[in-house]
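Visitor: I've got a model open and would like a quick walk around it. Can you take me through it?

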Amino acid sequence: MQSQRQTLTRKLTWLFALTSGLVIANIYYSQPLLAVVAGEFGRSTTHLGFLVMLTQIGYACGMLLIIPLGDVLNRRKMIVSLLLMTGVVLVAVARSQNFYVFAAASLALGVSSCAAQLPVPFAASLASERDRGKAVGTVMAGLLLGILLARTLSGTVAYLAGWRAVYELAAVLIGLLAILNGMLLPADSNSQQWAYTKLLRSMLTLLKEHPQLRLRSAFGALGYACFSLFWTGLTFLLTNAPYHYSEAKIGLFGLAGAAGALAAGFAGRMADRGNVQRATTLFTVAILVAFAFLYFGTTSLPSLLIGILVLDIGTQGMHISNQSIIYSLDPGARSRITTIYLTSYFAGGAAGSAAAGMLYEASGWHGVCTAGILMSALLIGSWHCSRHFVSAPVPRTTT
């Protein structure tokens, strides 16, 4: 069995959500700060798009190399240890004196911040079958709010106290979170005994055995590429004409997408009611519609705000729909399944972040949005084609 059976209480659910949200925020603090950090280190703003990519690559590496251990090690100890490591790395980011140290520390921050994904399979393991979609949706709502409100927090703090204060504050919050998790997380013992190399190789077996895992991982990569393409490109748009916004104002745009957190709970409830296929169609179309609004963001602020809201709803709803499917595949391998899916997910995000800088430099905001339209159209086409070739998953109860 995965771990000794315990009940997922409301208090634990909110702790998991808080942990995921505060940790994942570390990856996104830099986005509203690209212009000011670039100025301090003598780099172009568009070049800093690769810095966001670097942090996401670190996150994907952490997902690939660390999160699978959640199937065989004590997840409580893993979470607390990674939180402490993250706090140390945040201090290193805050104290960086040149671009290369900042970049290396950002990469390490991405690796340690993979702790944000341990609460998701942990919550799924503790929840009952009937309420699993709702529980995962609640934790993912916390994670989504962390992604979106990180921009607001970092922009505001940087405006008031400088960009380094953002990471100093984050280090304090992560330290307090480590104490809270150490006190409140339930004991977690795994009876599975796997060699590390065998554990990693087993993920190839999972990919081979589960077409839905391959499919949903590809969908996740495309959806998050669209999301990161927009949010990285948005900084370039708002920093330049016609907006010329400060980092504080740029950060406030995270609030416009915060309603997307509602989609997490909505998607989870649809999955619990057996409507995950319909939800997938709804959310993929929402991503395409969002970029139609965003395209006119250079001349219409209302169009930009509507596009942000719809994009976040579509992306996060799609994400929850994907997870509702993959967590039903093999209960004894949820951490490894999380690793496979989210490594693909954040690899797509890293590609979107890197592309945003290049596209904006070459073709401006319309180039960024055109790429988003093409990727979201590919996502819709892939989803509808797959429905004819890949059957629905059959839940398993063994490792």
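This is a predicted model: local features need pLDDT of at least 70, side-chain atom pairs count only at pLDDT 80 or more; totals for chains, interfaces and linings use all residues.

Visitor: Which helix gives the most to the nonpolar patch?

Guide: Helices here are DSSP runs (H or I, at least four residues), numbered from the N terminus. With six residues, the top contributor is helix H8 (residues 163-184).

Visitor: Is Met-183 buried or exposed?

Guide: Met-183 sits in helix H8. Buried means under 20% relative accessible area, exposed over 50%, and partly exposed in between (1.4 Å probe, protein chains only). At a relative accessible area of 61%, Met-183 is therefore exposed.

Visitor: Which residues of H9 are exposed on the face turned away from its buried side?

Guide: On the buried side of H9 you'll find Leu-199, Ser-202, Met-203 and Leu-206. They cover an arc of only 115° around the axis, so they share the same side of H9; the arc is that of the directions from the helix axis to the C-beta atoms. The face turned away carries Arg-201, Leu-204 and Lys-208.

Visitor: How wide is the arc of the buried residues in H13?

Guide: The buried set in H13 includes Val-276, Phe-283, Ile-287 and Leu-294. Seen down the axis, the buried residues line one face of H13, because they fall within an arc of 150°.

Visitor: Where is Asp-71, and what backbone nitrogen does its side chain reach?

Guide: Asp-71 is in the loop between helix H3 (49-65) and helix H4 (75-94). Its relative accessibility is 0%, so Asp-71 counts as buried. At 3.0 Å, its side chain reaches the backbone nitrogen of Ser-335.

Visitor: What is omega for the cis peptide bond?

Guide: Most residues other than glycine have a negative phi, and most peptide bonds are trans. Here a cis bond joins Ala-241 and Pro-242, and Pro-242 is in the loop between helix H10 (211-239) and helix H11 (247-257). Omega is about 5°.

Visitor: And what is phi of His-244?

Guide: His-244 is in the loop between H10 and H11. At 56% relative accessibility, His-244 counts as exposed. Its phi is positive, in a residue other than glycine, and near 55°.

Terms used: Residues are numbered from 1 along each chain as its sequence is written. Side-chain values use heavy atoms; hydrogens and water are left out. Helices (H or I, at least four residues) and strands (E, at least two) are DSSP runs, numbered from the N terminus. A polar contact is a pair of N or O atoms within 3.5 Å; within protein, one must be able to donate a hydrogen and the other to accept it, and residues adjacent in sequence count only if both atoms are side-chain atoms.
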